[in-house]
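This report walks through a few places in a protein model, one after another. Please keep the sequence and the 3D view at hand while reading.

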Amino acid sequence: MPEADPTEIRDDSTIALTPRQISCGLGAEAAILQLESGKYYSLNPVGARVWQLLASPQKVSALLAVLLGEYEVPADRCRADLLALLQKLHAAGLIEVRPA
Amino acid sequence: MSSPSNYRLYGLCIRSELPLTAPAAAETAAPDLTVLEGEDLPASAAPPPGEVWAAADFGNGFGVQLTRTAVGWSLFYPQTGEVRLTADLRHATAHALPGKAAILPLLLIGSVPAWWLNLRGESILHASAVAIGNEALAFIGASGMGKSTLATLLCSAGAGLVTDDVLRLKAEGDNFLCHWGTGELRLRPNATALAELFPPAQASRSSDGRSTLLLAPSETALPRLRAILIPQPSREQRELAAERLTLVQAAFRLNGYPRVYGWQRDEPRRRQFELFARLAESVPVFRMSIPWGPPFASDLPGQLFSAVGMTLGEIHPLR
């Protein structure tokens, strides 16, 4: 049986911000500077809300529960969009994924 | 070596043995920075040992390295020379590479104060700026995007020159005030004809061969930064078109045009990022497509100031 990828993002994964970034909220959006790469990223209002929630490490399931409480969106769509966002943030070196 | 003189620059008093193109300050004023003329460097000179804090490549064969040395700081310009700063940032010694002594004064009114102000934790922009009354409009953008040309045009139409190249800002509540620069405008080779818009006595030439205009520095209170404009010169466009950027877009564009860059330390980058975010929140940033010349439309100054919501005051059409 193949070993599970420790960086795979699952509902029971814990997500934490990496220390090598700085960010700020700008209106409803957010801007982030990744200090290793020197690249800038922006987040739309929903992404900025996720980023705000990640001020302390969160389980994916907890993030999903907050978003479903705040936005009128089908659960499967919300989950897919959240996982896609977290994968992009991870690829950019902005978050760490801790397996359950 | 000439006797030192005091100069007023970006709200500072700089006492320098090298003559600077900057307004004179009272000889009794206490200098923020004292610049001495050091011995020439050998042609084989290299940056000193120490921690490299920043290394910037200007992309035209020029660059600079900022090094924290055992006794202070070094700004090493491989094509020009070195400026050594004491650890308390109160004194500097300028050393030229062979045959480059004439270029050092240009560094001492532009690049050197920009790095020095950053090391002091000050807020600066890579911008030209003009003022109408107590409000200023700044132009940011890459080299060759028309910052100095626009400043020249608007000054010929009655605006006052705040600065060309280095804009030192002072935060005051939710506003940013602009410190006055050198009073000098440096024209690109393809814009030298603009010197004809001014009396001949104001035209001159810099030690690196650029046409310059010396405008009377203002003695008035520091103008409030009313708007920031990113010019996009266009020879096809017939009408001026302005678009106000969102906060995130504005912050990103401001981060894209810093006066000093190449930092290899986090702290200066953090400060710069936070400054640009605060600026984006406080000052509207516009991207503006501008019908470009020569010839320029005579009503360009009025259109441009109106597009960013500034009142025209004494502004008149271009000649």
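## Helices and a buried glutamine

In this predicted model, the buried residues of helix α6 of chain B pack against several elements of chain B, namely the strands β9 (123-132), β10 (135-140), β16 (224-234) and β18 (285-291), together with helix α3 (147-156). Helix α6(B) itself covers residues 300-307, and its buried residues are B:Leu300, B:Pro301, B:Gly302, B:Leu304 and B:Phe305.

The buried residues of α3(B) run from B:Lys147, B:Ser148, B:Thr149, B:Leu150 and B:Ala151 to B:Thr152, B:Leu153, B:Leu154, B:Cys155 and B:Ser156.

A glycine with a positive phi follows just after α3(B), and another one just after α6(B). The table sets out these two residues.

| Helix | Glycine just after it | Phi |
|---|---|---|
| α3(B) | B:Gly158 | about 115° |
| α6(B) | B:Gly309 | about 85° |

In chain A, two helices can be considered as a pair. Two packed helices are described by the angle between their axes and by the distance between the axes. Helix α1 (residues 45-53) and helix α2 (residues 60-70) of chain A pack at an angle of about 135°, and their axes are 11 Å apart. The crossing of α1(A) and α2(A) is right-handed. On the side of α1(A), the residues A:Arg49, A:Val50 and A:Leu53 take part, and they meet A:Leu63, A:Val66, A:Leu67 and A:Glu70 in α2(A). Sorted by class, this contact of α1(A) with α2(A) holds five nonpolar residues, two charged residues and no polar ones.

Is A:Gln34, which belongs to chain A, buried or exposed? With a relative accessible area of 5%, A:Gln34 is buried, because buried means under 20%. A:Gln34 lies in strand β3 (residues 29-34) of chain A. The side chain of A:Gln34 reaches the backbone nitrogen of A:Glu36 at 2.6 Å, and it also reaches the backbone nitrogen of A:Ser37 at 3.0 Å. Leaving aside residues up to four places away in sequence, A:Gln34 touches A:Arg20, A:Gln21, A:Lys39, A:Tyr41, A:Ala92, A:Gly93 and A:Leu94, and from chain B it touches B:Arg269.

Methods
Residues numbered from 1 in each chain as written. Chains lettered and ligands numbered in written order. Predicted model: local features only at pLDDT ≥ 70, side-chain atom pairs only at ≥ 80, totals over all residues. Heavy atoms only, no water. Buried < 20%, exposed > 50% of the residue type's maximum accessible area, 1.4 Å probe, protein only. Helix = DSSP H or I, 4+ residues; strand = E, 2+ residues; numbered from the N terminus. Contact = heavy atoms within 4.5 Å. Polar contact = N/O pair within 3.5 Å; in protein donor to acceptor, adjacent residues only side chain to side chain. Axes fitted to C-alpha atoms, helices over the stretch in contact; angles between N-to-C directions. Left-handed = near helix turned anticlockwise from the far one by under 90°. Nonpolar A, V, L, I, M, F, W, Y, C, P; charged D, E, K, R; others polar.
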